[in-house]
Every structure is written in structure tokens, then in C-alpha cells.
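Here are some quick notes to read with the picture open. Take them one at a time and find each spot as you go.

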Amino acid sequence: MATLTYRDALNQALREEMQRDPNVVLMGEEVGVYQGAYKVSRGLLEEFGPKRVVDTPIAELGFAGIGVGAAMGGLRPVVEFMTWNFALLALDQIVNSAAKMLYMSGGQINMPIVFRGPNGAALQLSSQHSQAWESWLAHIPGLKVVAPATPADAKGLLKSAIRDNNPVIVLEGEMLYNIKGDVPDGEHVVPIGKAEIKREGSDVTLVCHSKTLPVALKAADQLAEQNVSAEVLDLRSLRPIDESAILESVRKTNRAVVVEEGWPHAGIGAQLVDIIQRDAFDDLDAPVQRVTQADVPMPYNKLLERAAKASPEKVVAAVRRVLYLDPSPQP
Amino acid sequence: MATKVHMEALSPTMEEGRLVKWTKHEGDAVKSGETLAEVETDKAVMELVARADGQLLKVMVQEGSTVPVGNVVAWIGKPGEKVDGDGAGAPAPTPAPAKPAASEKAPAPAPKATPQAAPPPSQAPAAPADATRVKASPLARRIAKESGVDLKLVQGSGPGGRVVKRDVEGAPAPATAPTAAAAAPRPTRDVRRTDVPYEDVPLTQIRKTIAKRLAASLGPVPHFFLTTDIDMERAAEAREALNKQLGDAGGKVSFNDIIIKAVALALVQHRACNAWFQEDHIRYWNEVHIGMAVAIEDGLITPVIRNADLKSLREIGAEARELANRARNRRLKPEEYTGATFSVSNLGMFEIEHFTAVINPPEAGIVAIGSIAPRAVPDGERIVVRRRMRITMSCDHRVIDGATGAAFLRTLKQMLENPLAMLL
């Protein structure tokens, strides 16, 4: 067990998987000589050489397509996008080629490819570079989507993603790369599709993933001061999603607040609300509340950006609503 | 569009209300939250408040008339706005035998040249169901079903009165009014020969509720009765001494206060009698809340002295007087007359020597207190005169067995015969 940053945990997963399987290759903008825009691929070019660590032109659709072809030919490519905002250009390859190949070939052609990179907002990158795409990606049958929030989960889920025979989207975060945590050495694999309770509680379930885990944990601390015991459930995988873990927790607490980085309309939270209302209806004591980014393009202004993002304060307010702690508004 | 004002369910058991007085009149400006009218429910006179801002456009119900919960009693809207008098008002809701009025309702067949010419779509009949429907969270519904609680009797604390988990867990306290015995003198006149042989008096809201609830007690609840005779000599001396001590400080201690305190303390030692029967389980209470039957004009009500075991005689006395006063003025809030774990009914002041009281479900017991009067009792070889009091406990046999009730009564008797024991 070592204390690593999220960035180094990803680096460790890449290195170990490239050592383990010579078919694993890494490609993307600046992954080689520059060692990655966020230094996730540090040292890999030196260790594995330019045939396995490939610097690409600034052409997302092109290199995503090369990755898809390489996967069809038997390699296990890891395609890095400098951010998922740029990956929009590659969506045709991801959605129409990678996600469909197994299905359209009648099960003959596997697609063992990983698309990874930072997702969502950092700080003051404005509206075009501050977008959380998980609901778009998790929408697509044929894709798997993971969104680790801790260094240990980052390592374990990236390893699972590389070993999976299907296209797996790994959503990282610029604001996560520097966080530190204990990471098991060597063979540490987190199964795709398994959520984890990051904090136990009894009064309300906070369902979160990726960058909203720290938000939810902070809210849980504040709630504890108000004698509210919040359970924090980190989804970790968004497709497949761990329905039984969600339901088990909500059945215990009878109330849920779902916290996500993206916009409200047709977001991940909408899917969670559907699962909860359908299969835990009789266990609910209040309508599920959602905390999301404000339904606007992300503002550049620092204060407006802060106001637009999900925050512990917004989570606490939502929890007070599901617990009926504040005076009821008149009907 | 103008907003309807419905007769609202202002108590957990209210099904209809009598409009006592309009405090706002047609043409008055009203604000959301302002009192529009006073309404007599089955329990008390309560305020009906506005749920919208605007002008009180039209009053549909005259003072003195009784209207089912959910009916439209008035309209609030912009000055000059027209409202439909479409029978939505008083009294019966008549759920309009769906008149499809094809010409009006038909989904616009084709773009009409002059849409204005079309008759205005007929106002949908007021949906009284909305105001009477119990709003409850799915979880609260499930808990209520499993524990046999009637959601209609539960006061919801969520938005719009939604019943939520804490409300059904906090216990459903089917509202008040037990003890036929404690019924007050009827507010009717003395019998006097006149030219009419009888007078028909319509049932008031509270009398209807009493009738319903008492029938729901004596029938299904298997009562049995235990009577004991208590020497009140020492309690009387203690009371005189205490009141002397208090002097003019006010807040004199009454026998009733002493009895309530003794009952509460005896219950602490006999939790088996401090219980509710709940269909598939018995709820033994760890708190002692004493319901105190109070005679009011044309009925009775049982305000609750909460945690009576923990309160001093003076506190009990002050609270009992205050609650009784407001009960007589019909100003009790629902939470002040629900939730008792055991009740006391006292007819001593009417010189009733002995009576039996009707249990107020789901409570499992009630004691009926007779008068304190000097009586000749043997004292060894001699006969002495002592102040004595007879009390009778009614027990719900589903919860309390004979010996259980008797043990409680023995403790109560010991406490009253030796009031110092209450200090233990």
C-alpha cells in the first residue's frame, strides 16, 4: 500500500498493464515526449518505446478511428483525450464504430479499447471546456463507463477497463489528478459495475460519482454537525450501474439526494431517480432530490462558476428538504 | 384565474365544518395566510386561512351553514374577475355526472376562424377529493398499513400536510373524546311543561364525533372494571398543608392535580397499563401522557398533560387549568388533545360516588374518579369517620389482565393513601 496521487495511480495502472500484456498500447496528444498534458503517462515512452506510446496529431476523430482499427486487429489500445471536451470530435468513432462493432459483426469482433481523459469542469475554463459528458456516454448501449473518484479506484478501474473486451470510457478529472490516497500495490482490480459506500449513514443516501464524491463527503461532515447521518454511495461505474447497491442503501435510509457534475436535464441523476422510484417506491419517505450544475453553459466568471457548480451547501439544503427539516411551504 | 377556497380538514377527524363567521367579506383584500373565516370542526373552532393573494370575490357559504370538507366556500382573485357559481359552492359537492358537453370540450376539430366566438370551456367541477385525500409518502403509507394506523387520523408534518415517516412513527393517536361518564350537563334547558312535548336539537360537530368514537370503543373494546376504595385523609391533609404553604402565591393544588400526578407515577411502575392496543401489536409507552376528560358545553374533550410523571403538582395544576380553560373556549390545537397514554375522568365535583368510564382507544385504560366524602369505616374495634374516595379503572382486556390492572390500582391506592410515597 502506498500513498499516491490520482495521476500516479493511473500511471501505475498503465505501466503494470503494459508490462503484463504486450498488446496494450497508449496513444493520444502529447502522451509520449511531453509525458502527457497532465503527466499521466510520465515515463512510459522511455520504458515502452515509441511503438507502444504513440504521439498523435491534433485530430481526435482520426486517432480514435486508428484506435478502433487497432482494437479490431488484436491490440488493446488506450486512447487518451486531452479532455473529453475535445473528444466530441471523436464521438462518431466512439458511438458508431467502437460501441457497435460487437453487435454489428454478430459477435465476431471484440472491441477491447479504452477511451480516457479528464471530464467536466476544472477552474475558469469557461463553457466550452467545462462540460461533464457522462450522461451522453452512459446513454450508449455497447459502451461501459467508469468514473473513479479516488486514486485506488482510478488504478483498479483503469486496469479493469484495459482488460475488458468491450470499449470502456474512463472519466477522470483535472481537479482529481492531484488528490492523494492509499493505493494497493500490484494487482488491484476494481470490478466495473460495483458501487462503494464511502461513508456509512442512516438518515439519507447521497449518491455521487467522480468529483461529486468530495462534495458529498464534505456535505456529510456538515450534516453530521446537524445530527444528520448521511450515507455516501460512490457509484464508480455509470454503465453498468450498481442498481442493487443504490436500492439497498435507499431502503435503509428512506431518502436520497443524487449529486452530479452535469446538467439536470436528462442527466445521470434522472436515471438514478428512475431506478429509485421504480424499485424502492414503498421505501421512500420523500421525493428524491437532485443537485446538479445549473442548467446553463458554465460561466467564466469565478463567482458565477462557483454558483453554478454542485456544492456541499446545495447538498445540505437538499438533504434538509428530504428530511423535512425546514418549515413546509404552503401548498 | 380566480382561486377556489375549500373547506379544509382542520382536525384529523374532520369531515365537515360549520362556517361560524366570515372575518373577511366580499370585496376585502386578502393575503395568503390571513384568516378568512372561523370554522367549527368536530373539536374546536379553528381558523380557515387564505391560500392566495387577491380580493375575496365571492362567498359561497353563509355563516352558520355546514359544508363537507373539500367544498368550495369562496373565491379569491383579481378585483372584477368573474367567478363561476357553477354549483361548486355550498353545500354538497355533486361530482357533476360527467356532462361531456361535446360542443364545448371537443378537441378543437380544425383551426377555428373565430376562436373567441367559441363558448368558454366549462369550468371543471371542483374536485373535493383533493382536499380530503390523505397525502402521505410511500414509506408512511407502508408503515401505516403494516401497523394498522389510519392515515386519516394522522396529522402530516410534510409539505401541504404530507404524512411522512416521523408522523406515523410518532403514533397515530386517534383523536379524543372518551368517557361517556364524564359527559357534561347538556346545554338544554330544564324540563318545563310547555305546549310542545319535545324539542329536536341537531347534533353539533363535537357530539357527532363523541357518538362515533364511543360506539367505536364500547363495542369492539372488551372492557372490564376494577374498583377500589381509597382513604384520602392524608392526601387531604397534605393538600391543605401545601396550599397553606403556597398562601396567596396562587396556583392552589387541587385533588385532581394530586390524582393526575399519582396516576402518572403509578404508571411509571406499571408500564403494562401505559399502553396502546394497535391491532397486531401492543405499544408500551416509555413516556406518560395523561388525558384529562374535560366537560365542555355540549360535550367533552381530553386535553393531554404530557410527561405528567416528571412534572410538579404546581406545574400539573397550572397546565390542567390552562388546558381546561382553552378546551371550554374550544381553542385547543389538535396536538393538545391527542397522544395520551392513559386517561383520568373525574366526576367527584358532581358528588358522583362511583362510575365507570369508557376507554379512549388506543389507550388501554382509564380511571374514573368519584367524590371524596366522609364515610364511616371500621378502625379496629371502633367506627371512625374518614374522607374516602372510590375509583374505578376500566381496562382493555386485550392489553391488561385482571391482576395487572389490580396491581396498578394497588400502587395508585398506596400513593394516594400515603402521598409522601410520591416523593420516593
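1. Start with strand β2 of chain A: A:V24, A:L26 and A:G28 on one side are buried, and so are A:V25 and A:M27 on the other, which leaves both faces covered. "Buried" means 20 or more other C-beta atoms lie within 10 Å of the residue's own (12 or fewer is exposed, in between is partly exposed; C-beta atoms are placed from the backbone). In a regular strand, side chains alternate between the two faces of the sheet.

2. A word on the source: this is a predicted model, where local features need pLDDT of at least 70, side-chain atom pairs count only at pLDDT 80 or more, and totals for chains, interfaces and linings use all residues. Residues are numbered from 1 along each chain as its sequence is written, while chains are lettered from A and ligands numbered from 1 in the order in which they are written.

3. Back to β2(A), residues 24-28: 5 of its 5 residues are buried, so the strand is largely enclosed by the rest of the structure. Strands (E, at least two residues) and helices (H or I, at least four) are DSSP runs, numbered from the N terminus.

4. Who are the neighbours? β2(A) runs parallel to β4(A), residues 76-80, with 5 bridges, and A:V25 stands opposite A:P77 there. β2(A) also runs parallel to β3(A), residues 53-55, with 3 bridges; here A:M27 stands opposite A:V54. Two strands pair if DSSP finds at least two bridges between them.

5. Zooming out, chain A has 12 helices and 14 strands, and 53% of its 331 residues are buried.
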